[in-house]
Amino acid sequence: MDEKTVLVNIEEWVEAELLNEKSGHDWYHIKRVRDIAGEILKYEEADSFIVIAAALLHDIPDDKVTSNVNTALERIRKLLESNEVDNKAINTIINIITTMSFKGGTGKKLSYIEAQIVQDADRLDALGAIGIARTFQYGGTKGQAMYDPEIPVRDSMSFEEYRHGESTSINHFYEKLLLLKDKMNTPAAVKIAEEREAFMKQFLETFFKEWKGEL
């Protein structure tokens, strides 16, 4: 089966899987990550099939989306096998999607370009105007406050604390989002991240001004 057909099959499967996802990790997020990864591929030498396939599948086994990560990974493997993807490519795709997450800031730097591109694309969608919107959408699904000055920003945390500890949507900017620019892997991603981070900082400046009732 040719790679283009396989990617169309993966895309249709993922879109159906995430059709009703409401935490900001829906099909449109996946589509944006795929498109951003495609843009970064213009500047990097990498296996485009691996990059696009991993970008499409990256949130299927995420614990924010599924209650059983291992089952989700097995379903991905079966999907790829049924599309005649070779075992080496399958293992690479699964390795990318299981190692690219922010995970409370504990993740190690990825060693190969395909993984770096997908990680950059995913992180770029957490920045800028879309990143702001997704932050509040996710916070709402978790029952978090928009902002509470009595809840401090967490400087370091375990994965469990990152996922389940007390925080707010505004705190999330400081606990993750404003750390992402310096964690980008590719020059193209760094440039985009700089622009999107500047937008977010302007938003935060305006937010706190309005929070304090300043006109």
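**Entry 1. Helix H4**

I looked up the start of H4 and found a side-chain oxygen of Asn-68 within 3.3 Å of the backbone nitrogen of Asn-70. I counted as a polar contact a pair of N or O atoms within 3.5 Å; within protein, one must be able to donate a hydrogen and the other to accept it, and residues adjacent in sequence count only if both atoms are side-chain atoms. Helices are DSSP runs (H or I, at least four residues), numbered from the N terminus.

The model is predicted, so I note that local features need pLDDT of at least 70 and side-chain atom pairs pLDDT 80 or more, while totals for chains, interfaces and linings use all residues. Residues are numbered from 1 along each chain as its sequence is written, and side-chain values use heavy atoms, with hydrogens and water left out.

I then checked the length of H4.

Which residues of H4 are buried? They are Ala-72, Leu-73, Ile-76, Leu-79 and Leu-80. Buried means under 20% relative accessible area, exposed over 50%, and partly exposed in between (1.4 Å probe, protein chains only). Seen down the axis, the buried residues of H4 fall within an arc of 120° (taken from the directions from the helix axis to the C-beta atoms), so they line one face of the helix. An α-helix has 3.6 residues a turn, so residues three or four places apart point the same way. The buried residues of H4 pack against H1, H3 and H5, whereas Asn-70, Lys-78 and Ser-82 are exposed on the other side.

Just after H4, I found Glu-84 with a positive phi of about 65°, in a residue other than glycine. Glu-84 sits in the loop between H4 and H5 and counts as exposed at 57% relative accessibility.

**Entry 2. Nonpolar core**

I searched for nonpolar cores, that is, sets of buried Ala, Val, Leu, Ile, Met, Phe, Trp, Tyr and Cys residues joined through side-chain atoms within 4.5 Å. The largest has 57 residues, and Ile-10, Val-14 and Leu-57 have the most contacts inside it. H3 supplies the largest share of this core, 9 residues. Leaving aside neighbours within four places in sequence, Ile-10 is in contact (heavy atoms within 4.5 Å) with Ala-53, Leu-56, Leu-57, Leu-79 and Leu-80.

**Entry 3. Aromatic pairs**

Rings of Phe, Tyr and Trp (its six-membered ring) pair if their centres lie within 6.5 Å; planes under 30 degrees apart count as stacked, over 60 as edge-to-face and the rest as tilted.

The rings of Tyr-147 and Phe-207 are edge-to-face, with centres 6.0 Å apart and planes at 85°. Tyr-147 lies in the loop between H7 and H8 and Phe-207 in H10, so the pair ties together parts 60 residues apart in sequence. Phe-207 is buried, at a relative accessible area of 12%.

Tyr-147 also pairs edge-to-face with Trp-211, at 4.8 Å centre to centre and 80° between the planes. Trp-211 is partly exposed, at 40%.

**Entry 4. Asn-185**

Where is Asn-185 found? I located Asn-185 in the loop between H9 and H10; it is buried, with a relative accessible area of 17%. Its side chain reaches the backbone oxygen of Gln-116 at 3.3 Å.

Terms used
Helix = DSSP H or I, 4+ residues; strand = E, 2+ residues; numbered from the N terminus.
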